[in-house]
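Please read them with the structure open beside you.

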Amino acid sequence: MAGIADFGMICALGATASECSEALFANILPQMSQRETADGTVVPVFEAPVIPALPEHFSVYECRNNRLAFACYQQVESAVRAHAERISPDRLGVVLGSSTSGLDASEFAFEVLRQTGYRPDTYNFDTQHAMGSLSQFVTELAGAKGPAYTVSTACSSAAKAMLSAKGLIDAGICDAVITGGVDSLCALTVNGFGALGQLSTERMNPLSKNRSGLNIGEGGALFLLTRDSAGVQLLGGGESMDAYHMSAPQPEGVGAELAMKRALDDAAVCAADVMYVNLHGTATRANDAMETQAVKRLLPETMVSSSKPLFGHCLGAAGAIEAAICCISLADTQGRLPAHHFDGSYDTQLPVLPLASVKSRYRDGTIRRVVMSNSFAFGGNNCALVLGESEKGERE
Amino acid sequence: MSRRAIQLLDWTGRAAGLEDRQTFRNWVSEPYAVDCEPSYKPPCKAVQARLRGKSSTLSRLVMEPFFELTERLNIPASDVDMVFASRFGEIQVLETLFESIFTKDTVSPLDFCNSVHHTATGYASIASKNQQLSRTVSANEQTFGAALFEAYALVVTGKSNTVMVLAADEKVPELFRQEGHCECSFGVALAISAVDACTAFEATGRLRISYDDVVQAYQRAESPVDWLRRCALKNEGL
């Protein structure tokens, strides 16, 4: 168990955690913008709203991904500073997830090189594009001296980063860790998912019989994870590999179920304790088919929703953004659950699951709210997080 | 603070011109100039032909030492946890994809699947039917030290019995290249587990890894070869 002292986020829902919270419960579906793939197909994507510029002395880190990270860091900075005063800098770690890191910087450099024969002078792979650049940037922002690294397992990156961060605390290596994940829109992911035939030309429609794939989004969420046992906690998590296929999930969701079971064990909760599951819910035929089977076997009575129609599939940041959505719900004084957004035409080929609606609330008489968040990735790389209130904690 | 130690059970590696266990280990002990042709692809005979044909070069550089080490230790490859340490990930595949996207050719779905950072452990899990946990670590020049932190945390918290640290990188293409970047493609596997009171290091040829060994690997930004040279070779059994 590790306490979430504070968190910040940015995605199409809003530029801060409070904006995202308002939009989430107002059930506002943000506008989408468009991107064109190499073959000329136009697809909708979810862009983050206003992204702050980096301070001048951090210009070596300039890329879209690091600006998104900066937007998140600004929201947790005061909590980080307050905590850092109480611990040695080498006890503050940084573990973040990303699938893109600053790919856009290399894409730009490639285009300039192709057109002029020269790389741009401002291009720096190590600080802009390298996976390690994200954690290195946040480490410098925070003045941390503990272990700092980036986890990159595609769409489960951020969820796994959060478990790595918790591991550093549990092992006594760190007293606090800045964790979460950030991913940014770039040509590679839009074209790559396009090549796989997984992009929808409309707003994504998870669990619908009419679903036709995902929309790519961008954003991030950063958490300050500590030893504190009050408030919302990362209770535990489970991981597994499908050992099945590089880009297709195991059709019955065996690996997904294994990760979810391991998450329950690690968090020391039973299936009946879990009141809500934030689905991976990508609206691809294969994901929704396998995930609903896995959830039906393990948590058949639990309310579920996919929040991706609100901000897209943020790939390497999805696990963090959706964990933040869970934190917003867990702390909500009205006990509201994130609603499932789709066209209402549930795919009857899928097992029936109770979908969270705008009216859904935690069960009456609930002493301790507990939720799960799923993330599944290429290479059959699965991760489920369990978040909840501490047993002794009191809701505000 | 008193810290628990962990142990290195065994290690091996591959690189261009260092294409078997003993040659690689001899080179770690006494390095000499090798021809760093990026086209070196380990044979990976333990991997099914169809899967081997799809897998990236970096994946082969990971799978060859991975299967060799699990076999030597008589540990089922399906039972170990994996920590993949790579600074650059699938950097060669990425360059190919850039060419495809920006010259408006068709993007290969296989290339895209093979471009994710953890492609190598994805293939290793499929080839070994491994359903355990698999993490990645990337931290520029501190990548290997960070992977040791990750492995240490997994072992001392009891999450993992045996962790296979798989460190690999490829020669960095010109577009991305900076001073200090990887010149030679390589893959190294280290099997790490917990230490108990009965562990007899001298008798078993295993190496005790202290917490300070981990911290120093990170702070000194050691490559796996640097670290092996400093730590593992002080124990002749390893």
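**Notes on the cavity and on one strand of chain B**

1. In the lining of the largest cavity, α7(A) is the element that gives the most, with three residues. Please keep in mind throughout that this is a predicted model.

2. The count of cavities of 30 Å³ or more comes to one, and the volume of the largest cavity is about 320 Å³. It is lined by 25 residues, of which A:Ser99, A:Met131, B:Ser115, B:Val116 and B:His117 are the closest to its centre.

3. As for secondary structure, the elements that give two or more residues to the lining of the largest cavity are α4 (125-129) and α7 (187-195) of chain A, together with α4 (91-102) of chain B. Sorted by class, this lining has 15 nonpolar residues, eight polar residues and two charged residues.

4. Turning to chain B, strand β1 (residues 6-15) is mostly covered, and 10 of its 10 residues are buried, where buried means under 20% relative accessible area.

5. Which strands pair with β1(B), and in what sense? Strand β5 (residues 186-194) of chain B runs antiparallel to β1(B) and is joined to it by nine bridges, and among the residues involved B:Arg14 has B:Gly187 in β5(B) as its bridge partner. Strand β6 (residues 207-209) of chain B also pairs with β1(B) in the antiparallel sense, over three bridges, and here B:Leu8 has B:Leu207 in β6(B) as its bridge partner.

Conventions
Residues are numbered from 1 along each chain as its sequence is written. Chains are lettered from A and ligands numbered from 1 in the order in which they are written. This is a predicted model: local features need pLDDT of at least 70, side-chain atom pairs count only at pLDDT 80 or more; totals for chains, interfaces and linings use all residues. Side-chain values use heavy atoms; hydrogens and water are left out. Buried means under 20% relative accessible area, exposed over 50%, partly exposed in between (1.4 Å probe, protein chains only). Helices (H or I, at least four residues) and strands (E, at least two) are DSSP runs, numbered from the N terminus. Two strands pair if DSSP finds at least two bridges between them. On a 1 Å grid over the protein atoms alone, a cavity is a set of points where a 1.4 Å probe fits but cannot get out, and a pocket is an open set with protein on both sides within 12 Å along at least five of seven lines; lining residues have an atom within 4 Å of a point. Grid points are joined across faces, edges and corners, and a volume is the space filled by probe spheres set on the points. Ala, Val, Leu, Ile, Met, Phe, Trp, Tyr, Cys and Pro count as nonpolar, Asp, Glu, Lys and Arg as charged, and the others, Gly among them, as polar.
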